[in-house]
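Hello,

Here is the structure I promised to hand over. Please look through it before you read my notes.

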Amino acid sequence: MLLTITTTHQPASDLGYLLHKHPDRCQSFDLSFGKARVFYPEVGAERCSACLLLDVDPVGMVRGRNASFALAQYVNDRPYAASSFMSVAISQVLGTALQGRCKDRPELAATPIPLSARIDVLPVRGGERFLRSVFEPLGYAVEATRYPLDERFPEWGESPYFAVTIQNTTTLADLLTHLYVLIPVFDNAKHYWIGEDEMEKLLSKGEGWLAGHPEKEEITRRYLKFQPSLFREALARLVQEEEPLEADEDDRPADKTEDALETPLS
């Protein structure tokens, strides 16, 4: 499972400061489901790339749990497909960058710079149309290549897996936030229990962009794994966040009769 972040901001090697990971070292981190490694395959003044590589233990991950089919412990896509495991790794390994903090380059952390993120294998339930409808409203240029189920048997058709690259001039914190929230939305198979704390996490990380997103309902529904009560509460709070913006756009005087009728409604 591989995520590659690249910048052409100059000096591009400042990406090491933003990520709080030294470009000259390969660093390893133990996680509950495996191991994460951060390394830089390309470091220069004009271009710099950093990789977050996850080594997931598929057997240890499901040992002692009920599997959805008999061979699930041995036959699954979790070791290579970007999923909620990647989101957890972003928060735990790149947490300082996710929060937009940088002690050595605080002004750079708050400055939009040219960034791209490549996810080598992303399961997209909904296909390329849904992929673009999620990323493009956020300002990203999207490149997507769909993998076949098996190159040896083209008649089997296409798989739900894509190689995806998104590009935008934005802050690193915003890029990581969007990836953190949206990767599990595409995969739609979180590996942990979804409760009210997960709804609060969505509303916190979605502040400033999710309420006005044209796919906010589908993003919210998938992020909360189709739990109706959590979905309704989250969507209601998102609508409340969006309402002041809509009121500002309409400068016409409100009709008093309409106000009287609308007041009792929630």
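Below are notes on a helix pair and a pocket.

This is a predicted model: local features need pLDDT of at least 70, side-chain atom pairs count only at pLDDT 80 or more, and totals for chains, interfaces and linings use all residues. Numbering starts from 1 along each chain as its sequence is written, and side-chain values use heavy atoms, with hydrogens and water left out.

Helix pair. Helix H3 (residues 84-93) packs against helix H7 (residues 172-187) at an angle of about 155°, and their axes are 8 Å apart. Helices here are DSSP runs (H or I, at least four residues), and strands likewise (E, at least two), numbered from the N terminus. Axes are lines fitted to C-alpha atoms over the stretch in contact, with angles from 0 to 180 degrees between N-to-C directions. H3 and H7 are therefore roughly antiparallel (over 145 degrees). Ser 84, Met 86, Ser 87, Ile 90 and Ser 91 of H3 meet Leu 176, Leu 179, Tyr 180, Ile 183 and Pro 184 of H7 (contact: heavy atoms within 4.5 Å). That contact has 7 nonpolar, 3 polar and no charged residues.

Pocket. The second largest pocket has 13 lining residues. Thr 6, Arg 47, Ser 116, Thr 165 and Gln 167 lie nearest its centre. A pocket is an open set of points on a 1 Å grid where a 1.4 Å probe fits, with protein on both sides within 12 Å along at least five of seven lines; lining residues have an atom within 4 Å of a point. Strands E1 (2-7), E5 (113-123) and E7 (158-170) each supply at least two lining residues. E5 gives the largest share, 5 residues. The lining divides into 3 nonpolar, 8 polar and 2 charged residues.

Best wishes

Notes:
Ala, Val, Leu, Ile, Met, Phe, Trp, Tyr, Cys and Pro count as nonpolar, Asp, Glu, Lys and Arg as charged, and the others, Gly among them, as polar. Angles under 35 degrees count as roughly parallel, over 145 as roughly antiparallel, 65 to 115 as roughly perpendicular and the rest as oblique.
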